[in-house]
Amino acid sequence: MTGRREADADVVVVGLGAWGAAALWQLARRGLSAIGVERYGLANTSGSSYGESRMFRTACLEHPGLVPLAQRSRALWRQLETETGAHLLDPTGAMLIGPPDGRIAGGALRAAREHDLDVRVLDRDALHRRCPAHQGLAAGDVAVVEPQGGLTLPERTIEAAVGAARASGARVLTDTLVTAVEHAGDGVAVHTAAGRVLHAAQAVLTPGPWLGRLLPGLPLEVVRMPTTWFTPDAPHERFALNRLPVFMREIDGGDVLWGHGTLPGRTELKLGLEDGGKHFRVVDPETPDRSVAPADWEVLADHLRWAVPGVGRAPSRALAGIYARTPDGQFVIGRPGRDPRVVVAGGCSSHGFKHSLGIGEVVADLVQGKEPAVPLGFTDPDRF
Ligand SMILES: Cc1cc2nc3c(=O)[nH]c(=O)nc-3n(C[C@H](O)[C@H](O)[C@H](O)COP(=O)(O)OP(=O)(O)OC[C@H]3O[C@@H](n4cnc5c(N)ncnc54)[C@H](O)[C@@H]3O)c2cc1C
């Protein structure tokens, strides 16, 4: 592809979280020689793709243009499962709860209407019967239920995608920090902290919250967002995943509760808060403060006391992760400055896991100079 005799690969992928792993898989299976470089180990807890589970849904309230990307991702999840034998996506149903004209349920309804998605709507009483753990619902609240939504498994998905990429010939360097990506000749030079330089025709930058480090100038903020698990005061079937499927629930003041019931064989529920920029700190991704203190979960615990009572007063487990957000909440995917040698995919804005595999495919299309499988003009890095 490069015609450069000294090139180490056609493409170097920098960062093997969910998006980079997906890109590496797609590039390798198309026959490109690809090297994936990851500063930590695979499936680490330092970036955004950690914590055992992520919500999957195609009712994309964040942008109607994301619906086809989620649909494509679902097909690719099935393909990755078939290729690797791993179980990665559980269609246990997903619920978007709140006022029908609100951001969460209303946004899901808009996406469902526009794309003719298979969703059902439960009124408050029906929701309460189906999911008794949800209490304190407002009179007009509804649940938009996507039966084919559910849970994806972040660590296992990364391991499966990287494993499938390796099986197609990709090379992987872990514990290798990339310090700079520069133009060199008619390709790129990828510099590592250990002094190694990898030459390739193109670089794909998928370093998650660290994108601003490698590509300054994008308006990205890195947000520290704790993930918390709670153990119920007493075991009860209302907290099991089949009675409390993965959900987002808009409550008064614009806060959004999210989480899901206990997985088979487990005792903890995963519950968290999306705060619309109110409670969580903007941090430097190199020094985000990984310790978790009561200040991280007190607002959430206050909400849970009336909205999902009986799940314990304090988390039994917590992790402080980080993610990058953009001013418009949309991703950054494309060629910055129309650079023919660099493709970026970042700015996940905390809703990007469900799109990982579709994004990997779009990135591979861009690297090959093809029209992306799913049009994503609204994620152009040059839009700011
Ligand atoms: C608490 C929380 C809950 C979420 N819930 C959901 C959800 O339910 N559904 C959903 O769809 N999305 C959800 N998201 C968002 C989703 O997790 C992210 O969109 C997704 O994980 C982003 O993956 P990524 O590959 O872009 O970033 P990351 O997973 O952060 O991967 C980036 C990788 O690059 C590596 N790296 C960085 N810099 C370098 C460098 N210089 N050299 C080499 N390697 C480097 C990092 O070590 C890391 O492994 C949530 C996010 C958070 C934080």
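This is a predicted model: local features need pLDDT of at least 70, side-chain atom pairs count only at pLDDT 80 or more; totals for chains, interfaces and linings use all residues.
Q: Which backbone oxygen lies 2.7 Å from a polar atom of the side chain of Arg224?
A: Arg224 is in strand S13, and its contacts beyond four places in sequence include Pro288 and Asp289. Its side chain reaches the backbone oxygen of Pro288 at 3.3 Å. For the 2.7 Å pair, the backbone oxygen belongs to Asp289.

Q: How many residues does domain 2 put into the contact with domain 1?
A: The protein splits into domain 1 (9-51 + 154-216 + 331-383) and domain 2 (94-147 + 221-325). Over C-alpha atoms, their centres are 30 Å apart. Domain 1 brings 15 residues to the contact, and for domain 2 the number is 16.

Q: What area is buried between domain 1 and domain 2?
A: An interface is often sized by the accessible area lost when its parts come together. Here carbon and sulfur atoms give 51% of the buried area. On the domain 1 side, Tyr50, Pro209 and Arg213 lose the most, together 38% of what that side buries. The area buried between the two domains is about 1200 Å².

Q: How many residue pairs are in polar contact between domain 1 and domain 2?
A: The interface has 2 salt bridges by the rule. The side of domain 1 that touches domain 2 has 4 nonpolar, 9 polar and 2 charged residues. As for residue pairs in polar contact across the two domains, the count is 11.

Q: Which residue's side chain meets that of Arg39 in a salt bridge?
A: The nitrogen-to-oxygen distance in this salt bridge is 3.1 Å, and the cut-off is 4 Å. The partner of Arg39 is Glu286.

Q: Which residue's side chain is in a polar contact of 3.2 Å with that of Asn44?
A: Asn44 is in the loop between strand S2 (34-37) and strand S3 (54-56). A polar atom of its side chain lies 3.0 Å from the backbone oxygen of Gly41. Its contacts outside four places in sequence are Glu38, Ser49 and Tyr50, and the side chain at 3.2 Å is that of Glu38.

Q: Which residue's backbone oxygen does the side chain of Gln202 reach?
A: Gln202 is in strand S12 (residues 197-205). It has a relative accessible area of 6%, so it is buried. Its side chain reaches a backbone oxygen at 2.9 Å, and that oxygen belongs to Val367.

Q: Which residue has its backbone nitrogen 3.0 Å from a polar atom of the side chain of His236?
A: His236 is in the loop between strand S13 (221-230) and strand S14 (246-250). At 43% relative accessibility, it counts as partly exposed. The backbone nitrogen at 3.0 Å is that of Arg238.

Q: Which residue takes a positive phi just after H3?
A: Helix H3 (residues 105-115) has several buried residues, among them Leu109 and Ala112. The buried residues of H3 pack against partners including helix H2 (67-84) and strand S5 (94-98). Just after H3, phi is about 50 degrees at Asp116.

Definitions and conventions
Residues are numbered from 1 along each chain as its sequence is written. Side-chain values use heavy atoms; hydrogens and water are left out. Domain bounds come from an automatic or database domain assignment. Contact means heavy atoms within 4.5 Å. Buried area is the accessible area (1.4 Å probe) that two parts lose on being put together, summed over both. A polar contact is a pair of N or O atoms within 3.5 Å; within protein, one must be able to donate a hydrogen and the other to accept it, and residues adjacent in sequence count only if both atoms are side-chain atoms. Ala, Val, Leu, Ile, Met, Phe, Trp, Tyr, Cys and Pro count as nonpolar, Asp, Glu, Lys and Arg as charged, and the others, Gly among them, as polar. Helices (H or I, at least four residues) and strands (E, at least two) are DSSP runs, numbered from the N terminus. Buried means under 20% relative accessible area, exposed over 50%, partly exposed in between (1.4 Å probe, protein chains only).
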